[in-house]
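Grab a pencil and work through these exercises with the structure on your screen. Try each task yourself before you read its solution.

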Amino acid sequence: MARPSKYPIHPRQLVLQVLQNATTPLSAYNILKQLADCNIHAPMVVYRALEVLLKEKKIHKIKGLNEFIICRCEHQHDISLFTVCELCHKVNPLKDDSFVQYILALKARNINITQQANIELPIICDECQK
Ligand SMILES: [Zn+2]
Ligand SMILES: [Zn+2]
């Protein structure tokens with residue numbers, strides 16, 4: 001018989017829910033804070049969940065912020081372009097086929113892109129410009 005889980009809902013599912021409800025990217029620490037009510041207090045639990053969700057391509061890591069967002073865009077997940085507002089940290093995917101083609105062309109030239117080609121463009125968003 002399967003060992004009963006310590007958590008009634010899998011932590012990975014909870015982490016995904018937190019990111020689904022977020023309007024800005026969240027740090028692992030912030031996610032952990034939001035899961036205190038669900039009896040999750042160990043940072044490792046959150047880190048492990050994030051690692052799996054990244055592998056499953058359900059979320060993105062915004063490296064410039066060291067924060068995470070849900071993937072809710074139609075794009076080539078491994079080749080993605082984001083705008084990151086320097087002031088409010090709002091992140092938006094930018095659909096750009098020529099960028100995808102460019103990265104694919106680099107790969108065709110045997111340039112070994114080992115990780116996801118995620119480019120983060122620093123911007124000031126419309127709201128922050130007001
Ligand atoms: Zn994605
Ligand atoms: Zn902004």
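**Exercise 1. Is Lys57 buried or exposed, and what is its phi?**

*Step 1.* Count the C-beta neighbours: Lys57 has 11 inside 10 Å, so it counts as exposed. The cut-offs are these: a residue is buried if 20 or more other C-beta atoms lie within 10 Å of its own, exposed if 12 or fewer, and partly exposed in between, with C-beta atoms placed from the backbone.

*Step 2.* Check the backbone: Lys57 has a positive phi of about 60 degrees although it is not a glycine.

*Step 3.* Find its place: Lys57 sits in the loop between H3 and S1. The letters H and S stand for helices (DSSP runs of H or I, at least four residues) and strands (runs of E, at least two), numbered from the N terminus.

A quick word on the ground rules. This is a predicted model, where local features need pLDDT of at least 70 and side-chain atom pairs count only at pLDDT 80 or more, while totals for chains, interfaces and linings use all residues. Residues are numbered from 1 along each chain as its sequence is written, and chains are lettered from A and ligands numbered from 1 in the order in which they are written.

**Exercise 2. Give the phi of Asn39 and say where Asn39 is placed.**

*Step 1.* Asn39 is not a glycine, yet it has a positive phi of about 70 degrees.

*Step 2.* Asn39 is in the loop between H2 and H3.

*Step 3.* For exposure, count again: Asn39 has 11 C-beta neighbours inside 10 Å, so it counts as exposed.

**Exercise 3. Which residues of H3 are buried, and how are they arranged?**

*Step 1.* Start with the helix itself: H3 has 13 residues and reaches 19 Å from its first C-alpha to its last, close to the 18 Å expected at 1.5 Å a residue. The expected span is 1.5 Å times one less than the number of residues.

*Step 2.* Pick out the buried ones: Val46, Ala49 and Leu53.

*Step 3.* Look down the axis of H3: its buried residues fall within an arc of 65 degrees, so they line one face of the helix. The arc is that of the directions from the helix axis to the C-beta atoms.

*Step 4.* Recall a general rule: an α-helix has 3.6 residues a turn, so residues three or four places apart point the same way.

*Step 5.* Now turn to the face of H3 away from its buried side, which carries the exposed residues Pro43, Met44, Glu51 and Lys55.

*Step 6.* Finally, see what covers the buried residues of H3: H1, H2 and S1 are included.

**Exercise 4. Which residues does Leu53 contact, leaving aside its neighbours within four places in sequence?**

*Step 1.* Leu53 lies in helix H3 and is buried, with 21 other C-beta atoms within 10 Å.

*Step 2.* List its contacts (pairs whose C-beta atoms, placed from the backbone, lie within 7 Å). With those close sequence neighbours left aside, they are Arg12, Val15, Leu16, Lys58 and Ile59.

*Step 3.* Zoom in on one pair: Leu53 and Leu16 are 37 residues apart in sequence, but 7.8 Å apart in space, C-alpha to C-alpha.

**Exercise 5. Which residues of H1 are buried, and what do they pack against?**

*Step 1.* H1 covers residues 11-21, and its buried residues are Pro11, Leu14, Val15, Val18 and Leu19.

*Step 2.* Down the axis of H1, these buried residues fall within an arc of 135 degrees, so they line one face of the helix.

*Step 3.* On the face turned away from that side you'll find the exposed residues Gln13, Gln20 and Asn21.

*Step 4.* The packing partners of the buried residues are helices H2 (28-34) and H3 (43-55), plus strands S1 (59-62) and S2 (67-70).

**Exercise 6. How many residues does the largest nonpolar core have, and which element gives the most to it?**

*Step 1.* A nonpolar core is a set of buried Ala, Val, Leu, Ile, Met, Phe, Trp, Tyr and Cys residues joined through C-beta atoms within 7 Å. The largest has 19 residues, and those with the most contacts inside it include Val15, Leu35 and Ile69.

*Step 2.* H1, H2, H3, S1, S2 and strand S3 (79-85) each give two or more residues to this core.

*Step 3.* H1 gives the most, with four residues.

Note on methods
Contact = placed C-beta atoms within 7 Å.
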